[in-house]
Amino acid sequence: MTGDHDTLLESAAEYALGTMTAADRQMFEAHLAHCVECQREVRELAAVSEALARSVDPIDPPPALRARVLAAATASATNTAIPISTAGAARPVVVRDRRSMTPLSLAAAAAIAMLVSGGLAWSYRQEAARLSAELAGVREQVRTLASQVATLETTAANARQTSAVLTAVDLTRVDLAGQSAAPVSTGRVFWSASSGLVFTATNLPELPEGRVYQLWVVDESPHSAGIVSPDAAGRLNVVTAEPISAMPKAFALTIEPEGGRPAPTGPMFLLGAL
Amino acid sequence: MIDTAQAAADRILLTRMARRDGDALASLYDAHARSVYALAVRIVGEPGDAEDVVQAVFAQAWEQSSRYDASRATVAGWLMMMARARAIDRLRARKARPDTGARVEMPEPASDEPMPDAMLVTAEASARVLTALRGLSDPLRVPLELAYYEGLSQSTIAARLGQPLGTVKTRMRTALATLRHALRSEDME
């Protein structure tokens with residue numbers, strides 16, 4: 001459908017500028033993998049983006065920045081040198097004043113010194129091996145923690161965003177009713193032009209393989225607010241920082257083929273008008 | 001160094017960086033830090049933040065040097081796209097409420113067929129594009145600037161300007177077409 005593809009081609013601009021929402025980007029990249037025309041469009045727009053970036057007159061950064069950047073970058077996890085601590089080293093050897101020693105004692109002292117320094121080297125190697133193992137363990141912990149932090153950050157961001165919408169002074173609430181395909185499902189949208197959108201729904205049936213729910217914000221035409229997935233109990237909570245539209249007239253949930261569509265093609269599941 | 005020679009030299013630097021050659025990173029910094037810093041200053045405004053952006057960009061270049069793909073962008077283009085993305089991230093972090101939930105992501109299209117090397121953008125081409133941008137009428141230029149220098153999505157721009165989303169999409173497409181024409185007009189590389 002040329003109309004459909006025209007819409008996709010227009011999306012190439014948002015994609016190339018990197019401002020597409022994650023859901024739209026997933027959809028667009030699925031299309032892009034097989035569309036040479038859009039690939040060409042994206043490449044050209046990326047070149048325009050680069051041209052704009054490089055059109056800014058260069059400025060000398062502060063000289064101190066160079067050392068900082070090089071040190072920080074090369075000290076990354078992939079090539080950290082193992083620091084050797086002296087914690088396990090032997091105590092320093094005390095050698096008595098030479099003049100009071102017999103030649104035999106000197107030789108003995110020299111032999112002892114060699115043994116001790118050999119021992120020191122051995123204990124350094126042991127220490128290095130121990131620290132290396134410890135470092136590997138710590139890195140693994142850091143990776144786990146980093147991934148936990150990422151999850152928590154997402155949860156916190158969602159909570160903050162929900163709060164921002166629900167306390168917005170320009171908040172509008174719209175109840176969505178189940179259409180003939182879904183008489184027991186219900187939904188509700190909280191929408192704010194300044195803060196974004198919160199969508200909740202209940203009793204959404206599980207969809208067959210290859211089908212997804214897609215949320216729409218409708219003004220002169222429907223605009224996708226992304227693909228949404230209910231939990232096992234058929235409940236849904238979606239939060240966006242995007243208002244999606246400046247003047248919506250209605251919100252709708254439809255069922256679309258996997259990957260979503262740029263415009264609704266499937267049956268209307270939930271619908272509500274302002 | 002002229003652009004094509006710089007592009008080839010840059011690719012070699014990346015290969016050396018992938019083998020953990022710190023001198024190569026230093027050379028890359030010396031060649032491109034001024035441009036990265038300038039763009040960061042343009043976007044975030046504050047020199048301290050701009051310095052952090054520069055650090056983030058070269059750290060990312062170091063980390064990802066083995067994954068650099070010459071068919072997606074020239075090294076300079078790659079660095080500048082990273083610079084823009086990290087600068088916009090920093091800009092949003094400073095605002096009380098971010099304008100969009102999405103991080104600026106650089107386009108990374110997968111392709112069925114092997115791609116030719118990315119288009120080289122010369123200094124002259126950049127200047128032409130900037131002139132073209134400044135020559136646009138306000139209604140065409142403003143949405144593009146909001147998207148480019150502030151990383152706003154089209155729907156956020158529409159809400160901010162009080163225009164329908166369709167209008168913003170059309171105007172941005174028109175503006176970009178003008179810039180593309182300026183980019184292409186003298187050399188075909």
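Predicted model: local features only at pLDDT ≥ 70, side-chain atom pairs only at ≥ 80, totals over all residues.
The predictor gives the complex an ipTM of 0.86 and a pTM of 0.56. Chain B has an average pLDDT of 86. In that chain, 85% of the residues score at least 70.

Chain A has 274 residues, and 37% of them are buried. Its secondary structure consists of 5 helices and 8 strands. The order along the sequence is α-α-α-α-α-β-β-β-β-β-β-β-β. Contacts in chain A were also sorted by sequence separation. Of those between residues at least 6 apart, 61% join residues at least 24 apart.

The two chains bury about 6100 Å² between them. Carbon and sulfur atoms account for 61% of that area. Chain A brings 62 residues to the contact, and chain B brings 77 residues. Between the chains, 14 residue pairs are in polar contact, with both residues at pLDDT 80 or more. Four helices of chain A each supply at least two residues to the side that touches chain B: α1 (2-16), α2 (22-32), α3 (36-54) and α4 (63-74). The largest share comes from α3(A), with 15 residues. By residue type, this side of chain A divides into 32 nonpolar, 14 polar and 16 charged residues.

Charged pairs come next. Side chains of opposite charge can pair when their charged atoms come close. Over all chains, the count is 18 salt bridges. Across the interface of chain A and chain B there are 6 salt bridges.

One of these pairs is A:Arg68 and B:Glu51, whose side chains meet at 2.6 Å, N to O. B:Glu51 lies in helix α3 (residues 47-63) of chain B. Its relative accessibility is 15%, under the 20% cut-off, so B:Glu51 counts as buried. Leaving aside residues up to four places away in sequence, B:Glu51 touches A:Pro62, A:Leu65, A:Arg68 and B:Tyr37.

A second pair is B:Arg180 and A:Glu44, in a salt bridge of 3.1 Å, N to O. B:Arg180 lies in helix α8 (residues 165-184) of chain B, while A:Glu44 lies in helix α3 of chain A, so this pair joins two chains. B:Arg180 is buried, at a relative accessible area of 16%. A:Glu44 is buried too, at 17%. Both residues belong to a network of salt bridges that also links A:Glu41 and B:Arg184.

A:Arg66 is partly exposed, with a relative accessible area of 30%. B:Asp30 is likewise partly exposed, at 46% relative accessibility.

Another salt bridge has both partners in chain A. The side chains of A:Asp231 and A:Arg235 meet at 3.5 Å, N to O. A:Asp231 has 38% relative accessibility and counts as partly exposed. A:Arg235, at 48%, is also partly exposed.

Key:
Residues numbered from 1 in each chain as written. Chains lettered and ligands numbered in written order. Heavy atoms only, no water. Contact = heavy atoms within 4.5 Å. Buried area = accessible area lost by both parts, 1.4 Å probe. Salt bridge = Lys/Arg side-chain N within 4 Å of Asp/Glu carboxyl O. Polar contact = N/O pair within 3.5 Å; in protein donor to acceptor, adjacent residues only side chain to side chain. Nonpolar A, V, L, I, M, F, W, Y, C, P; charged D, E, K, R; others polar. pLDDT = per-residue confidence, 0-100. Buried < 20%, exposed > 50% of the residue type's maximum accessible area, 1.4 Å probe, protein only.
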